[in-house]
Amino acid sequence: MASAPEPSEPTKPFKLLGILDVENIPCARDSILYGSLGSVVAGLGHFLLTSRIRRSCDVGVGGFILVTLGCWFHCRYNYAKLRIQERIARDGIKNKILYESTHLDPERKQSPSKSSS
């Protein structure tokens with residue numbers, strides 16, 4: 001009777017070429033998948049148009065590199081933008097909690113100050 005693996009056993013992370021931890025790096029998985037698809041489309045499309053096998057393989061490798069890097073930079077840019085927006089929102093909430101009901105609260109109506117003339 002086979003027993004199921006115990007949940008306490010740590011699983012080995014999947015590393016591409018031994019260096020790129022695809023599971024834990026944001027955008028890595030999607031970039032690799034889109035790059036693979038771009039490679040197949042570019043290589044197969046070039047082969048169907050020209051019937052040159054070696055050149056089609058070169059185009060496929062080039063397509064993989066271009067699509068992977070394009071997706072990587074696009075995703076990382078959006079990821080960084082999202083992190084900045086989250087940080088601004090977090091700081092705003094912290095300031096709202098900190099200054100609420102104090103004289104520094106910008107939403108609190110300021111009473112007209114008595115000025116001597």
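A disulfide is a pair of cysteine sulfur atoms within 2.5 Å. By that criterion, the predicted model described here holds 1 disulfide.

**Cysteines**

The disulfide joins Cys27 to Cys75, with an S to S distance of 2.0 Å. The torsion about the S-S bond is -75 degrees, and the link of Cys27 and Cys75 is accordingly described as left-handed.

Cys71 presents another case. Its closest cysteine sulfur is that of Cys75, at 8.4 Å, which is too far for a bond. Because a disulfide requires the sulfur atoms to lie within 2.5 Å, the distance of 8.4 Å between the sulfurs of Cys71 and Cys75 rules out a bond.

A residue counts as buried under 20% relative accessible area and as exposed over 50%, with partly exposed in between.

| Residue | Relative accessible area | Class |
|---|---|---|
| Cys27 | 10% | buried |
| Cys57 | 49% | partly exposed |
| Cys71 | 24% | partly exposed |
| Cys75 | 24% | partly exposed |
| Thr68 | 12% | buried |
| Leu48 | 64% | exposed |

**Overall architecture**

The chain contains 2 helices and 2 strands, and from the N terminus the elements follow the order β-β-α-α. Of the 117 residues in the chain, 12% are buried. The accessible surface of the chain amounts to about 10300 Å², and carbon and sulfur atoms account for 62% of that area. Among contacts between residues at least 6 apart in sequence, 42% join residues at least 24 apart.

**Helix α2 and its packing**

Helix α2 covers residues 53-99, which is 47 residues. At 1.5 Å a residue, a helix of this length should span 69 Å; the end C-alpha atoms of α2 are 68 Å apart, so the two values agree. After α2 comes Ser101, whose phi is positive, near 65 degrees.

The buried residues of α2 are Ser56, Gly60, Gly63 and Thr68, and these residues pack against α1. Thr68 illustrates the arrangement. This residue belongs to helix α2 and counts as buried because its relative accessibility is 12%, under the 20% limit. Neighbours within four places in sequence aside, Thr68 is in contact with Ser31, Ile32 and Gly35. Thr68 and Ile32 are 36 residues apart in sequence, yet their C-alpha atoms are 5.9 Å apart in space.

**The nonpolar surface patch**

Val40, Leu44, Phe47, Leu48 and Ile53 form a nonpolar patch on the surface, and together they have about 510 Å² of accessible area. Helix α1 (residues 28-50) supplies the largest share of the patch, with 4 residues. One of the patch residues, Leu48, lies in helix α1. Leu48 counts as exposed because its relative accessibility of 64% is over the 50% limit.

Key
Residues numbered from 1 in each chain as written. Predicted model: local features only at pLDDT ≥ 70, side-chain atom pairs only at ≥ 80, totals over all residues. Heavy atoms only, no water. Patch = residues over 30% accessible without salt bridge, like charges linked within 9 Å, V, L, I, M, F, W, Y side chains within 5 Å. Areas by Shrake-Rupley, 256 points an atom, 1.4 Å probe, with all protein chains shown as cover. Salt bridge = Lys/Arg side-chain N within 4 Å of Asp/Glu carboxyl O. Buried < 20%, exposed > 50% of the residue type's maximum accessible area, 1.4 Å probe, protein only. Contact = heavy atoms within 4.5 Å. Expected span 1.5 Å × (residues − 1).
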